[in-house]
Amino acid sequence: MDTYSNLKELGFSQYEAACYMALVGSHPVNGSQLSKISGIARSRIYDVLRSLISKGYVIEVNSGQYAPLPSDELVRRLKRSFNSNIETFEDQISNASQKDDFEFVWTITGYENVMEKALEMIKQAKEEIYIRLFPKANRYLDEYLIEADKRGVKIRYIAMGKVPKKFDIQVMHPDHEHLQQIIGGRSLEVIIDKKEALVGIFETGNEDNSPINWTRNQWFIVANRDSLRHDFYHCFLEKILDRHQKLTKDEKRIYKIIKEDN
């Protein structure tokens, strides 16, 4: 009977879940037959049936014969009830929430979990995305960044390795290999709309346990967004001072945009 733990999470008791699933597989049946099929003691089966009938999940079709509510209808009812409860909870939690000027910094672990959060943020972005990615993370998020670019979101992209240029404002960090050795892993920065930041380092050989910070804390966001803006300057200064080369017309254009992008 423990097989149906998912139904228990949807409001069924252990016996109700076993009873309903037994009826789905064989109906109409009487209480005695249902007791044998479900494994529920005969002394309990009728109490369980009465509970399911009161919820509208089972019907007595003939005298002493029982059948389940069709499964597709049950699913619709459960979805409707769940969505209604969620909406009510959203209203309640909104009314109860303390209005703070300060937002905490939360930690996310697990590479897939972090990437899913980054993906979610990119999908929600409306105005701009400042982002710095190594190629592995780029492969995970690339198509979603392209979609954001197509819907008019300004992408400010710093590639930490050889990544094809796909965005108007995109540069490659000149010191990405050395930086990875210094910090002991691959950094990840995603900042959207000056409202939300996902920042951290995937430690080499320990990606799934590496703590990545997510927050809506405005001071944290301002500092990290400004750090990414200055990383663009680093790219240009390295070319001018270390390689003794002139900036191209396009690089000068990007510099001007980033400089004014307060």
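**View 1. Contacts of Arg156 in the predicted model.** Arg156 touches Ile129, Tyr130, Ile131, Ile169, Phe232, Ile257, Ile258 and Asp261, leaving aside residues up to four places away in sequence. Arg156 belongs to strand β5, residues 154–159. Its relative accessibility is 7%, under the 20% limit, so Arg156 counts as buried.

**View 2. Glu128 and its polar contact with Arg225.** Glu128 lies in strand β4, which covers residues 128–133. The side chains of Glu128 and Arg225 are joined by a polar contact of 2.7 Å. Glu128 is buried because its relative accessible area, 4%, falls under 20%. Residues up to four places away in sequence aside, Glu128 touches Val153, Lys154, Ile191, Ile192, Asp193, Lys194, Arg225 and Asp261. Asp261 is also on the contact list of Arg156.

**View 3. The largest nonpolar core.** This core has 30 residues. Ile122, Ile129, Leu145, Tyr157, Leu188, Val190 and Leu198 have the most contacts inside it. Two or more residues each come from α6 (111–124), β4, α7 (135–150), β5, β7 (185–192), β8 (196–203) and β9 (212–215). Helix α6 gives the largest share, 7 residues.

**View 4. Leu198 and its contacts.** Leu198 is one of the residues with the most contacts inside the largest core. Residues up to four places away in sequence are not counted here. Leu198 touches Ile108, Val114, Lys117, Ala118, Met121, Leu188, Glu189, Val190, Ile212, Asn213 and Trp214.

Definitions and conventions:
Residues are numbered from 1 along each chain as its sequence is written. This is a predicted model: local features need pLDDT of at least 70, side-chain atom pairs count only at pLDDT 80 or more; totals for chains, interfaces and linings use all residues. Side-chain values use heavy atoms; hydrogens and water are left out. Helices (H or I, at least four residues) and strands (E, at least two) are DSSP runs, numbered from the N terminus. Buried means under 20% relative accessible area, exposed over 50%, partly exposed in between (1.4 Å probe, protein chains only). A polar contact is a pair of N or O atoms within 3.5 Å; within protein, one must be able to donate a hydrogen and the other to accept it, and residues adjacent in sequence count only if both atoms are side-chain atoms. Contact means heavy atoms within 4.5 Å. A nonpolar core is a set of buried Ala, Val, Leu, Ile, Met, Phe, Trp, Tyr and Cys residues joined through side-chain atoms within 4.5 Å.
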